[in-house]
Amino acid sequence: LDFEKKTPVDDGLTQDLISHFAGAEVLIISDYAKGVVGDVSELIRIAKARGVMVFVDPKNMDFSVYQGATLITPNRKEFEAVVGVCHTQEERILKARNLLTQFKFEAILVTLGKDGMLFVPAQGEPVHLPAHKQEVFDVTGAGDTVIATLAVALSAAATVHEAMEIANR
């Protein structure tokens, strides 16, 4: 249920989630900052310590709570709310690299709506993938679809470019 208010949840949910890390390859955190996720930083730390990749769709504008995540996937609006308006792709890449260093993320993928998506890794070259244009009536769940598709593709040994292409389509 979504009541658009923050309601902390019993810590039992977090402990139950942690108990399932044993066979997991990827943890996706879609953090709407409503209290369900609990202590995101601790969850990321524990998952990473157990070899689980952590992908975060951030809604909290304090990216420090996601420190150490494998990949974060803010959309353009969320990204620019944290780093400021970006007038060029080069500026976007520079600001993404600053976040990578500051918060020890392994990569950032910024979804850019009609302009596609930009992947900036801590190591290696950025990848920009243009959007495959389609008529869309409702963008609800687009970010969730991207992060879930990336997680599945990357855990199945797809390259970053292949995973982005699949998620983009």
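Tutor: Let's start at Ile29, which touches Val37, Val40, Leu43, Ile44, Val54, Phe55, Val56 and Asp57, leaving aside residues up to four places away in sequence; a contact here is heavy atoms within 4.5 Å. Keep in mind that this is a predicted model, with local features needing pLDDT of at least 70 and side-chain atom pairs counting only at pLDDT 80 or more, while totals for chains, interfaces and linings use all residues. Residues are numbered from 1 along each chain as its sequence is written, and side-chain values use heavy atoms, without hydrogens or water.

Ile29 and Phe105 touch the most other members of the largest nonpolar core, which has 30 residues. Such a core is a set of buried Ala, Val, Leu, Ile, Met, Phe, Trp, Tyr and Cys residues joined through side-chain atoms within 4.5 Å, and buried means under 20% relative accessible area (exposed is over 50%, partly exposed in between; 1.4 Å probe, protein chains only). Among the elements giving two or more residues to this core are strand 1 (26–31), strand 2 (53–58), helix 4 (89–103) and strand 5 (117–121). Helix 2 supplies its largest share, five residues. Helices (H or I, at least four residues) and strands (E, at least two) are DSSP runs, numbered from the N terminus. There's also a second, separate core of 16 residues, including Ala107, Phe119, Ala153 and Met164.

Now for strand 5, where five of five residues are buried. Met117, Phe119 and Pro121 point one way, and Leu118 and Val120 the other. In a regular strand the side chains alternate between the two faces of the sheet.

What flanks it? Strand 4 runs antiparallel to strand 5, joined by five bridges; strands count as paired if DSSP finds at least two bridges between them. Leu109 has Phe119 as its bridge partner. This hairpin has five residues between the strands, and Gly113 takes a positive phi near 60°. Strand 6 (residues 127–129) also pairs with strand 5 in the antiparallel sense, over three bridges, and there Leu118 stands opposite His128. Five residues lie between strand 5 and strand 6 in their hairpin too, with Gly124 in the turn at a positive phi of about 105°.
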